[in-house]
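Me: I have a model open and want to learn how to read it. Can we go feature by feature?

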Amino acid sequence: MEWWQAILLGLVQGLTEFLPVSSSGHLMIFKELLGVDAEGFLDFTVTVHFATVLATLVVFWGAIVKLLKGFFKFKYNDETDYICKILVSCIPVALVGFLFKDQVEVLFGGTLRNVAGGLYITAVLLWISDSAGKRFKVPVARDQRNGISYWQAFVVGVAQAFAVAPGVSRSGSTIATGLLVGVKRENMAQFSFLMVLIPIIGEQGLDLLKVALGSETFGAGVGVLPLALGFVAAFVSGLFACKVMIALVKKAKLLWFALYCILVASLILILA
């Protein structure tokens with residue numbers, strides 16, 4: 001991987017991670033467009049994903065610190081309630097990771113046609129959530145403390161578990177599902193971005209542990225410089241995209257992102 005390819009791919013990851021258009025799908029698309037070698041690409045993907053996780057931590061640092069302070073008071077307060085709901089949302093994706101890891105890796109090793117299929121799924125979810133919210137009023141859950149209930153958190157977590165497939169947007173599927181089950185837009189944006197921290201940090205912590213124990217190597221097919229440049233590019237662009245997406249979720253129509261996903265998926269099927 002060349003240094004300029006690493007920067008471009010890092011920018012793609014950072015700009016698409018928080019937008020409902022699938023960062024993993026776009027990485028696969030640009031990998032093919034730029035002619036990047038497959039060797040070590042998974043390690044590069046892990047690196048740039050970690051960069052966007054750090055961007056999330058920076059943007060939500062104040063909220064995260066407040067949650068942790070309240071949680072460690074060891075009382076069932078608003079902060080404890082919120083963290084418990086985040087943990088509940090992580091259950092489905094944890095089950096998928098432990099029980100179906102091999103199948104997920106096959107998906108990530110698939111063709112761009114798989115990405116196109118995932119983008120169509122994302123488009124449908126975004127379109128339904130954007131149009132259904134205007135026609136139907138979902139009853140407010142009785143335990144909707146902090147703007148989201150336990151069952152809503154679990155359902156959103158199921159959506160996140162399905163988003164492990166390339167082309168299916170994690171932020172798009174979780175935000176759309178949250179809106180469909182009655183979570184307000186202003187509450188869903190923050191919850192969607194915070195709920196991904198535990199799965200990604202946990203997964204990458206396990207990968208680093210394997211490297212430290214010598215059972216796996218990391219970055220051998222990419223090189224230190226491309227990994228570093230990709231990391232910086234993803235982190236900086238991720239900071240920008242995260243703030244933009246928060247504003248968009250609160251007031252913008254998700255239909256436009258649905259149309260974008262349909263356009264990209266159609267181009268893949270036509271040209272690939």
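Me: Leaving aside its neighbours within four places in sequence, which residues is His49 in contact with?

Reply: Keep in mind that this is a predicted model. Beyond its sequence neighbours within four places, His49 is in contact with Gln13, Glu17, Ser23, Leu27 and Gln204. His49 itself lies in helix H3, residues 41-59.

Me: Does His49 count as buried or exposed?

Reply: Compare its relative accessibility with the cut-off. Buried means under 20%. His49 has 15% relative accessibility, so it counts as buried.

Me: What is the overall make-up of the protein chain?

Reply: The protein chain has 13 helices and zero strands. Buried residues make up 50% of its 272 residues. Take contacts between residues at least 6 apart in sequence: 81% of them join residues at least 24 apart.

Me: How do I describe two packed helices?

Reply: Use the angle between their axes and the distance between the axes. Here, take helix H5 (residues 78-99) and helix H8 (residues 150-162). They pack at an angle of about 35°, with their axes 8 Å apart. The crossing of H5 and H8 is right-handed.

Me: Which residues in H5 meet which residues in H8?

Reply: From H5, the list includes Asp81, Cys84, Lys85, Val88 and Ile91.

Me: Which residues of H8 are buried?

Reply: First, the general idea. An α-helix has 3.6 residues a turn, so residues three or four places apart point the same way. Now the case. The buried residues of H8 are Gln152, Ala153, Val156, Gly157, Ala159, Gln160 and Ala161.

Me: How many residues does H8 have, and what is its reach from first C-alpha to last?

Reply: H8 has 13 residues and reaches 19 Å. That is close to the 18 Å expected at 1.5 Å a residue.

Me: How many residues does the largest nonpolar core have?

Reply: In soluble globular proteins, nonpolar side chains tend to be buried together. In this model, the largest nonpolar core has 48 residues. Phe191, Leu194 and Ile268 have the most contacts inside it. Not counting residues up to four places away in sequence, Ile268 touches Ile29, Leu112, Arg113, Val115, Ala116 and Leu119. A second, separate core has 13 residues, including Ala6, Leu9, Leu27 and Leu34.

Me: What is the phi of Ser22, and what is the phi of Phe74?

Reply: Most residues other than glycine have a negative phi. Ser22 has a positive value, near 75°. Phe74 also has a positive value, near 55°.

Me: Where are Ser22 and Phe74 found?

Reply: Both are in loops. Ser22 is in the loop between helix H1 (3-17) and helix H2 (23-34). Phe74 is in the loop between helix H4 (61-71) and H5.

Me: One last pair. How are the C-alpha atoms of Gly117 and Gly167 separated?

Reply: They are 50 residues apart along the chain, yet their C-alpha atoms are separated by 6.9 Å. Gly117 lies in helix H7, residues 112-135. At 31% relative accessibility, Gly117 counts as partly exposed.

Key:
Residues numbered from 1 in each chain as written. Predicted model: local features only at pLDDT ≥ 70, side-chain atom pairs only at ≥ 80, totals over all residues. Heavy atoms only, no water. Axes fitted to C-alpha atoms, helices over the stretch in contact; angles between N-to-C directions. Helix = DSSP H or I, 4+ residues; strand = E, 2+ residues; numbered from the N terminus. Left-handed = near helix turned anticlockwise from the far one by under 90°. Contact = heavy atoms within 4.5 Å. Core = buried A, V, L, I, M, F, W, Y, C linked by side-chain atoms within 4.5 Å. Buried < 20%, exposed > 50% of the residue type's maximum accessible area, 1.4 Å probe, protein only. Expected span 1.5 Å × (residues − 1).
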